[in-house]
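Biologist: Please walk me through this one slowly, as I am still learning how to read structures.

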Amino acid sequence: MSIRLSDNSDDLPVNHEINVTPFIDVMLVLLIIFMVAAPLATVDVKVDLPVSTATAAPKPDKPVFLSIQADGEILVNETPVAKAGLGSAIETATKSDREQRIFLRADKTITYDTIMGAMNALRAAGYLHVALVGAESGSGK
């Protein structure tokens with residue numbers, strides 16, 4: 001089947017309209033490919049961590065405990081102290097060794113503000129090594 005023009009020329013008339021149907025088909029195929037491939041590209045990072053071989057830190061012979069009871073009373077070891085005298089009481093208990101670790105334990109009803117106040121008092125006195133003490137999970141409480 002051949003097309004013959006009426007004026008016997010070999011040129012077809014120029015079509016100035018863009019046929020977008022093939023572009024839409026290509027875009028839909030690319031969209032489907034990316035929709036399928038995108039979830040496959042996200043990979044969860046699985047890390048098999050090694051077992052720690054570090055030895056436990058040695059416990060001091062006479063640890064210094066700073067305790068805050070439920071009623072807000074502050075104790076250094078077993079001696080009650082006022083909040084204003086906390087720095088001097090800790091200094092006496094550690095014999096002015098500011099590198100010694102202070103073990104802070106507080107009743108669970110004590111507010112975060114009270115604990116931070118005690119930690120700020122320790123920092124103001126020069127004691128930066130503070131360990132928080134918690135109950136062991138097998139204690140039944």
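Biologist: Which side chains meet in a salt bridge here?

Modeller: The side chains of Glu91 and Arg98 do, at 3.4 Å from N to O, where a salt bridge is a side-chain nitrogen of Lys or Arg within 4 Å of a carboxyl oxygen of Asp or Glu. Side chains of opposite charge can pair when their charged atoms come close. Please keep in mind that this is a predicted model, in which local features need a pLDDT of at least 70 and side-chain atom pairs count only at pLDDT 80 or more, while totals for chains, interfaces and linings use all residues. Residues are numbered from 1 along each chain as its sequence is written, and side-chain values use heavy atoms, with hydrogens and water left out.

Biologist: How many salt bridges does that rule give?

Modeller: The count comes to one.

Biologist: And how exposed are Glu91 and Arg98?

Modeller: Glu91 is partly exposed because its relative accessibility is 31%, and Arg98 is partly exposed as well, with 32%. For these labels, buried means under 20% relative accessible area, exposed means over 50%, and partly exposed is in between, using a 1.4 Å probe and protein chains only.

Biologist: Changing topic, what is the overall layout of the chain?

Modeller: The protein chain has three helices and five strands, and along the sequence they follow the pattern α-β-β-β-α-β-α-β. Helices (H or I, at least four residues) and strands (E, at least two) are DSSP runs, numbered from the N terminus.

Biologist: How much of the chain is buried?

Modeller: Buried residues make up 16% of the 141 residues. The chain exposes about 12,100 Å², of which carbon and sulfur atoms supply 59%, and such areas come from the Shrake-Rupley method with a 1.4 Å probe, with only the protein chains shown counting as cover for residues.

Biologist: Which residues have the most contacts inside the largest nonpolar core?

Modeller: They are Leu66, Val76, Leu86, Ile90 and Ile102, in a core of 16 residues. Strands β1, β2 and β4 and helices α2 and α3 (112–124) each supply at least two residues of this core. A nonpolar core is a set of buried Ala, Val, Leu, Ile, Met, Phe, Trp, Tyr and Cys residues joined through side-chain atoms within 4.5 Å.

Biologist: What is Val76 in contact with?

Modeller: Leaving aside neighbours within four places in sequence, Val76 is in contact with several residues, including Leu66, Leu86 and Ile90, where contact means heavy atoms within 4.5 Å.

Biologist: Now Ser67, is that residue buried or exposed?

Modeller: Ser67 is buried, because its relative accessible area is 9%, and this residue is found in strand β1, which covers residues 64–68. The side chain of Ser67 makes a polar contact with the side chain of Arg105 at 2.8 Å. A polar contact is a pair of N or O atoms within 3.5 Å; within protein, one must be able to donate a hydrogen and the other to accept it, and residues adjacent in sequence count only if both atoms are side-chain atoms.

Biologist: What else does Ser67 touch?

Modeller: Not counting residues up to four places away in sequence, Ser67 touches Glu73, Ile74, Leu75, Asn77 and Arg105.

Biologist: Where is the place of Asn77?

Modeller: Asn77 sits in the loop between β2 (74–76) and β3 (79–81). Asn77 has a positive phi of about 55 degrees although it is not a glycine, and it counts as partly exposed because its relative accessibility is 24%.

Biologist: Where does Ser96 lie?

Modeller: Ser96 lies in the loop between α2 (86–94) and β4 (102–106), and although it is not a glycine, its phi is positive, at about 65 degrees.

Biologist: Last one, what about Thr94, buried or exposed?

Modeller: Thr94, in helix α2, is buried because its relative accessible area is 3%. Apart from neighbours within four places in sequence, Thr94 is in contact with Val64, Gln100, Ile102 and Tyr127.
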